[in-house]
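Biologist: I am new to looking at protein models. Could you walk me through a few features, one at a time?

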Amino acid sequence: MSQLIVENLTKTVGEKTLFNNIDFTVVSGEKVGLIGINGTGKSTLLSIIAGIEEADSISKDHPNRYRIVYLPQEPEVDLELTVMETVFMSDAPIIKVNLEYEHALQALMADPESTVNQDLYSKFQNEMDDQSAWDINSKARTILSKLGIETFDKKMSELSGGQKKRVTLAKVLIEPADLLLLDEPTNHLDVDSIMWLSDYLKNEQGAVIFVTHDRYFLDELSTNIYELADKTLYSHTGNYGNYIESKVLREEMNAASDDKLRNRYRSELKWIRRGAKARSTKQKARIGRFDELAEKVKKDNSGEEMDVALKSTRLGKKVIEAIGISKSYGGRKVIDEFSCLLQSGDRIAVVGPNGAGKTTLLNMFSEQIKPDSGVIDKGTTVKIAHFQQHTPLMDEKKRIIEYVRDTSNDIEDADGVHISASQMLERFLFPTKAHGTPIGKLSGGERKRLYLLKLLMEQPNVLLLDEPTNDLDLETLSVLESFIDSFPGVVITISHDRFFLDRTSTKLWVMDGTGNVDTWFGIYTDFLETYVPKEVVKLQPVSETVKPVQQQQKKKMTFAEKKEYETIESDIATMETTIEAAEAEMAAAGSDYDKLRDLTAALDELNGKYETLIERWTYLQEINES
């Protein structure tokens with residue numbers, strides 16, 4: 001079992017110390033999620049481990065033939081190479097021969113009559129046989145297909161930014177490695193690709209350290225969590241949910257409060273991980289209660305909470321109405337006769353495969369492009385803020401305080417309190433000492449956070465969010481989700497982040513890439529489990545020679561289960577009241593440790609019963625819905 005031991009790692013950038021004498025050990029098979037707010041040095045840490053960037057001090061120990069492979073957040077590519085040439089650009093012999101074979105194949109296809117080309121092709125074909133390199137070739141094509149890349153002979157210059165990132169991800173995944181370093185690998189991936197990548201990495205024998213904003217991906221894949229905070233690296237065993245619980249242990253000083261929050265949070269976390277249904281008011285309320293608990297146990301690294309509660313411009317009765325809008329590109333219709341009426345409070349997620357036209361739809365609402373036909377009628381009070389997928393160019397010499405003051409130096413928050421640009425920056429986790437920092441010295445995530453601040457300071461009443469989760473840290477995402485909860489206007493979101501969509505949307509616009517836009521009510525996770533596109537149904541004719549599959553008999557509730565189902569929600573509510581009373585009694589027990597010990601044992605028993613009730617309710621609910 002190989003391992004990488006890093007000790008006494010220190011790195012300072014300018015006047016800012018990112019980490020000071022940190023130590024960690026990564027063992028084969030571990031899948032380490034690296035988290036921390038933007039600017040704490042996550043990307044820098046990966047770059048140092050990969051040997052790309054130098055540390056101020058570091059001690060590393062690993063086996064002689066220990067191989068590290070690195071995917072940066074913004075990989076550089078040779079635009080003149082084809083997709084397959086890029087994937088096979090490596091110093092590993094088994095991948096090198098694949099590159100030579102691809103070159104020989106291209107030459108033979110260009111001039112099949114050439115004996116030189118025929119001999120060269122035959123030579124590398126034999127070398128592929130000798131080195132058993134065909135598996136790598138097949139693996140590369142499979143991975144590219146899973147990541148949505150179907151044309152392998154295209155030049156990289158012909159690909160979009162997201163496609164380039166997916167090709168470089170495929171390149172990294174085929175490399176023989178003891179340690180994979182992946183910086184935001186889920187950016188630009190659709191949901192199917194993200195789920196495939198999670199399963200793929202779980203089966204990797206080597207170690208993986210990865211940075212991601214996708215909490216479902218983080219929770220599903222990680223066996224360990226590394227958190228960068230206060231110039232220190234904190235190591236936690238387990239996935240993201242386990243990390244939250246252990247963080248409570250680390251940060252809570254009051255033992256009674258600690259037990260209360262940890263036990264209640266574990267129960268809610270267990271329920272929400274089950275992918276619980278959220279089609280009823282009570283069920284949606286449970287998700288809200290889960291998030292309230294999450295906010296209680298989460299603390300910002302600096303000890304302050306980020307606050308984005310700003311006053312929004314009043315929204316009149318008329319918001320936006322689209323009537324029969326259509327849009328085509330190169331003869332392909334991406335939106336066909338789509339109509340909708342937006343109302344205050346709408347929370348809409350636009351979903352569909354890459355290239356389906358999701359960004360086009362948002363750009364039409366923000367009037368950046370016009371529909372080919374149809375009209376978009378906007379109310380006179382509508383004020384749109386469009387958070388675009390790619391951060392607009394910023395003057396890198398401008399200091400961040402000047403950038404914010406360009407919008408306003410007198411902002412009114414939701415409570416009517418007037419605050420300055422400097423105070424607003426502090427609310428957005430930019431400490432006072434950083435206000436004079438030139439924008440050019442900010443990380444990509446910090447720039448996105450600054451861009452988000454500027455948009456919200458304009459006090460919009462309609463938010464258009466195009467991939468807002470890319471490059472933002474988990475703390476910022478959590479607060480943005482809370483802001484959306486209380487935002488009185490309209491929010492339309494494009495994202496591949498399942499957790500974010502579950503938290504922020506109650507209605508979906510489902511785009512299929514052929515122009516159809518279906519409306520689906522509910523949360524995104526439920527949609528993924530149950531939605532069947534209309535086209536799939538049409539393309540499945542039943543052959544007369546094939547016996548129809550016997551429909552599985554739906555399970556029905558017994559009489560006793562029906563009676564139980566009628567009362568179980570009230571039983572859960574009663575148990576919650578009992579737990580709250582027990583918690584209040586613990587809070588009043590003060591320093592009576594004998595009483596606290598007995599109360600803690602009783603509370604653990606109550607929480608166990610509460611979890612059992614939740615599990616039973618979920619089981620009965622599933623039968624009822626079927």
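This is a predicted model: local features need pLDDT of at least 70, side-chain atom pairs count only at pLDDT 80 or more; totals for chains, interfaces and linings use all residues.

Biologist: Now the rings themselves. How many aromatic pairs does the structure hold?

Modeller: It holds 13 aromatic pairs. When reading one, check the angle between the ring planes: under 30 degrees counts as stacked, over 60 as edge-to-face. Phe387 and Tyr451 are a stacked pair, with 25 degrees between the planes and 4.9 Å from centre to centre. This pair links distant parts of the chain, since Phe387 belongs to strand 14 and Tyr451 to helix 15, 64 residues apart.

Biologist: Are Phe387 and Tyr451 buried or exposed?

Modeller: Both Phe387 and Tyr451 are buried.

Biologist: Why is Trp520 called buried?

Modeller: Buried means under 20% relative accessible area. Trp520 has 13%, so it is buried, and Phe527 is buried too because its value is 8%.

Biologist: Let's move on to a helix. How do I read which way its residues point?

Modeller: The general idea is that an α-helix has 3.6 residues a turn, so residues three or four places apart point the same way. Take helix 4, residues 115–130, which reaches 22 Å from its first C-alpha to its last. Its buried residues are Asn117, Tyr121, Phe124 and Met128. Seen down the axis of helix 4, these buried residues fall within an arc of 75 degrees, so they line one face of the helix.

Biologist: Which residues are exposed on the other side of helix 4?

Modeller: Thr115, Val116, Asp119 and Asp130 are exposed there.

Biologist: What covers the buried residues of helix 4?

Modeller: The cover includes helix 3 and helix 5. Tyr121 also takes part in an aromatic cluster with Tyr101 and Trp134.

Biologist: And what should I look for at the two ends of helix 4?

Modeller: At the start, a side-chain oxygen of Ser114 reaches to within 3.4 Å of the backbone nitrogen of Val116. After the helix comes Ser132, whose phi is positive, near 50 degrees.

Methods: Residues are numbered from 1 along each chain as its sequence is written. Side-chain values use heavy atoms; hydrogens and water are left out. Helices (H or I, at least four residues) and strands (E, at least two) are DSSP runs, numbered from the N terminus. The expected span of a helix is 1.5 Å times one less than its number of residues. Buried means under 20% relative accessible area, exposed over 50%, partly exposed in between (1.4 Å probe, protein chains only). The arc is that of the directions from the helix axis to the C-beta atoms. Contact means heavy atoms within 4.5 Å. A polar contact is a pair of N or O atoms within 3.5 Å; within protein, one must be able to donate a hydrogen and the other to accept it, and residues adjacent in sequence count only if both atoms are side-chain atoms. Rings of Phe, Tyr and Trp (its six-membered ring) pair if their centres lie within 6.5 Å; planes under 30 degrees apart count as stacked, over 60 as edge-to-face and the rest as tilted.
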